[in-house]
Amino acid sequence: MRKKKVEVVLVTISTPIKIGIYEKSRLVDTIESNEKTSEYLPKIYKELSQKYDIKCIIFARGPGSFMSIKLVYIFLKTLQITKDLELKACDAFIFSRGLPIKAVGELYFVKENGKITVKKLDKKVKTEFYLPKNLKDIEFSEELEPLYILPAV
């Protein structure tokens with residue numbers, strides 16, 4: 001039996017982790033997990049690769065959780081090399097509908113006029129990430145490397 005060809009979207013910059021399964025660029029299934037990215041990513045990749053023919057993985061390259069961003073990048077870059085898998089990346093604001101993304105303390109990443117900066121916000125913002133229904137309108141980055149706005153600690 002032939003496996004369905006799919007694209008997988010990973011939004012791992014905060015909890016819960018969100019994973020979208022896309023056929024012909026249309027969302028057909030979603031998965032959420034509160035597990036740690038380091039433990040969940042290998043497990044879910046194994047499950048998905050047994051069920052589907054994964055032709056491409058798209059991931060949020062940041063901003064967000066530095067540890068998660070680094071881990072996902074290394075994991076996916078390894079798959080790209082060993083499995084000849086296509087990778088695409090985009091900034092996390094696509095999945096936050098442009099809302100601020102928590103950095104640390106009262107600091108948030110914000111995107112204004114195409115530029116990402118860090119701002120202190122007086123009011124706490126609870127940003128919920130979503131998976132787009134269709135990938136056709138997503139603007140992918142030329143860069144795959146993690147998007148670090150603050151220097152890594």
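Which residues lie nearest the centre of the second largest pocket? Before getting there, a word on what you're looking at. This is a predicted model, in which local features need pLDDT of at least 70, side-chain atom pairs count only at pLDDT 80 or more, and totals for chains, interfaces and linings use all residues. Residues are numbered from 1 along each chain as its sequence is written, and side-chain values use heavy atoms, with hydrogens and water left out.

Let's start with the sheet. It is an open one, with 5 strands in the order E3-E2-E1-E4-E5 and mixed pairing. Strands here are DSSP runs of E with at least two residues, helices are runs of H or I with at least four, and both are numbered from the N terminus; two strands pair if DSSP finds at least two bridges between them. At the edges sit E3 (26-33) and E5 (86-90), each pairing on one side only. From one strand to the next, the twist averages 25°. E2 (residues 17-23) and E3 run antiparallel and share 7 bridges, with Ile17 standing opposite Ser33 in E3.

Two helices go with this sheet. H1 (residues 37-51) lies across E1 (4-11), E2, E3 and E4 (52-60), at about 150° to E4. H2 (residues 66-83) also packs on the sheet, touching E1, E4 and E5, and its direction makes about 145° with that of E4. Contact means heavy atoms within 4.5 Å; the angles, from 0 to 180 degrees, are between N-to-C directions of lines fitted to C-alpha atoms, for helices over the stretch in contact.

Now move to E7 (residues 107-112), where you'll find Phe109. Phe109 is buried, with a relative accessible area of 2% (buried means under 20%, using a 1.4 Å probe and protein chains only). Its C-alpha is 28 Å from that of Thr78, 31 residues away along the chain.

E7 also turns up in the largest pocket: along with E6 (101-102), E7 gives two or more residues to the lining. A pocket is an open set of points on a 1 Å grid over the protein atoms alone, where a 1.4 Å probe fits with protein on both sides within 12 Å along at least five of seven lines; lining residues have an atom within 4 Å of a point. This pocket holds about 440 Å³, and its 23 lining residues include Ser14, Ile101, Lys102, Thr127 and Phe129, the closest to its centre.

That brings us back to the second largest pocket, at about 200 Å³. Of its 13 lining residues, Cys90, Asp91, Ile94, Lys111 and Glu139 lie nearest the centre.

Note on methods
Buried < 20%, exposed > 50% of the residue type's maximum accessible area, 1.4 Å probe, protein only. Points joined across faces, edges and corners; volume = space filled by probe spheres on them.
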